[in-house]
Amino acid sequence: MTRYTAKTLPVQRGPAAWNTILGPQAQPTELDEDQTADFVVVGAGFAGLTAARRIRQLQPEAKVVVIEAGRIAEGAAGRNSGFMIDLPHDLASDDYAGSGDDRKMIDLNRQAIRFARMAVKEYQIDPNYFDPAGKVNGAVSDTAEAHNKSYAQHLTSLGEESQTLDARQMYELTGSHHYTSGLYTSGTVMLQPAGYIRGLADGLVGQGVRLFENSPVTGFAREGKDWRVQAEKGSVTAPMVILTVNGHLESFGIERDRLMHLFLFASMTPELGSDALEKLGGQPRWGVTPSDPMGTTMRRIDTGQGGNRIITRTCAALRPGMTATARDLTRASKVMQRKFDARFPQLAGMKMQYQWAGHLCLSLNGVSVTREIDTGVYSGCVQNGLGTARGTLTGIAAAELACGHSSAISQHFSAEAQPKRLPPQPFREIGGNAVLRWKEWRARVE
C-alpha cells in the first residue's frame, strides 16, 4: 500500500494581520468524521481554493472537499503583501527581469488575474479587496535607479509600458521624502489578501464545496482505487487528491532536499488617527516594492481594506525545518521599525500593532511542482515567492490535470523540469542565510 505521512505540520509565527483586521470569522467546520468525495484538495490558500473553483467549472456536479490545517486566511494567504503582479518579478535577479520566456509568463499571469477578477464578480467579493491600482518600484540609490532603468528597458523590449516617477511624485504618492524616483506599472492588482481568500472560500461553500478548517492532514494512503486522506479526527476518501500546500509538499516526503523554505517578515501599524494622517500626507492607497528585490516593500491601505494603516515587509531567513524562530521575528521587527522610521520621520517611533512571518517556498531553478505525483495525486505547489498569481496558476493547472483537461496553463506547468537538488546540510542553511544577510546589507537603503 502506498502511504504518504506528514512529518511536519504548519507552524505560524505571529498573527496573520490582514485577517485579524477584518474582524471575526464564522465558527469553523472541522473534519471530525469519515467522508467520501470525488476530489479532495489539501490546503485552502490561493492554489487550493482556485483548484476547487476550477474543478467546479470543469465538472459542476463533482463532490469537492477542501481541507485546511488552520483557519482560512491564517496561513500564507493572509501573510503576504497582497501584490498580484502581471509582469516579470524574479526575486533572484537584480531588477526582477526574468531569464525565461517572460512574454509567456506575462500572458499566464494575466490569465490568473482575470480568473481572480471573475471570482470577485461571481462571488460578490468586496471590490476593495481587489484593487487594480498598479504598483511602483521605489528607488533610493543610484544603483536602484539603474535597476529601474534596466527593468524599464526590459519591459519595453516586451512591448510593455511603464512610467518613471520623480522624487516629487513619489512624495505626493507616499508622503515620504525617502524615495528619489520610482517606476510605475499599471497591471498589478493590490489585494486585501485575507479579504479575497475569505470571499473565495465563502463563494465556494455557497456552491456546495465542503470546507473543513482546523483539520491538519497527517497523511494519505492508497486504498484500492481511492486515496484515504487522514486528518486528526476524520478522513476523506476520494479517487483524486490535489496537494496545494506549497513548501509543505516536502513534509509528505515529496521533492525532499529540493525545496528552499524561506520566511519573510512584515509589520503593520495601528489604525492611523486624523493627526497621524494629516502628518503623513500622500495618497490613501499605494504599494511600493523595492527596486532591489532584497529591499523593503511598503503598502498603505484605507478603511475599505481594514483601516488606515501602513505595512512594512523586509528581512528573510532560510529555515529548512519550515518554522521561523522567535529570534527571527524579533530581529526582523527591529529592522522594520528602522525602515518605517526612515521613510516616515513624521511618524517615527510609532509602535507596530502586528508583526508576523510568512512561509515562502522556492526552487533553485525557479520551477513549480505542478504535475501528477502518484496515480490520482496531483500537486500545485512551490510558488517561488509569487503566491497570489503563481498560486492561482498552479491551482488552475493542478485542477485541470486532475480533470483531464488541457490548457496553456496546465501545459506550461506540467512541462517544467524537476526542482534542482540543493546543497547538503549544514552548508544549505548556513550558506543560504549568509547570502541573504549580504544581499540585505547591499540593499539596506532600499
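I started with the open sheet of 8 strands, which has mixed pairing and runs in the order β8-β9-β7-β17-β18-β19-β16-β20. For the labels, helices (H or I, at least four residues) and strands (E, at least two) are DSSP runs, numbered from the N terminus. Two strands count as paired if DSSP finds at least two bridges between them. β8 (163-166) and β20 (354-362) each have a single partner strand, so one side of each is left without a neighbour in the sheet. On average, neighbouring strands here are turned by 25° against each other, direction ignored.

I noted that this is a predicted model, where local features need pLDDT of at least 70, side-chain atom pairs count only at pLDDT 80 or more, and totals for chains, interfaces and linings use all residues. Residues are numbered from 1 along each chain as its sequence is written, and side-chain values use heavy atoms, with hydrogens and water left out.

Strands β17 (residues 286-290) and β18 (residues 297-301) are antiparallel, with 3 bridges. Gly287 sits opposite Arg299 in β18.

Then I asked which strands helix α5 touches. Helix α5 (residues 167-174) packs on the sheet against β7 (135-139), β8, β9 (181-185) and β17. Contact here means heavy atoms within 4.5 Å. The direction of α5 makes about 85° with that of β8; axes are lines fitted to C-alpha atoms, for helices over the stretch in contact, and angles run from 0 to 180 degrees between N-to-C directions. Helix α8 (residues 326-343) also packs on the sheet, touching β16 (260-268), β18, β19 (309-318) and β20. Its direction makes about 135° with that of β19.

I moved on to the open sheet of 5 strands, ordered β1-β12-β13-β14-β2, again with mixed pairing. Its edge strands are β1 (3-5) and β2 (34-36), each pairing on one side only. The twist averages 15° from one strand to the next. β13 (residues 226-231) and β14 (residues 235-238) run antiparallel, joined by 4 bridges, and Arg228 has Thr237 of β14 as its bridge partner.

Last, the helix pair. Helices α2 (residues 46-58) and α3 (residues 102-122) pack at about 75°, axes 12 Å apart. That makes α2 roughly perpendicular to α3 (under 35 degrees is roughly parallel, over 145 roughly antiparallel, 65 to 115 roughly perpendicular, the rest oblique). I listed Thr50, Arg53, Arg54 and Gln57 from α2, meeting Phe115, Met118, Ala119 and Glu122 from α3.
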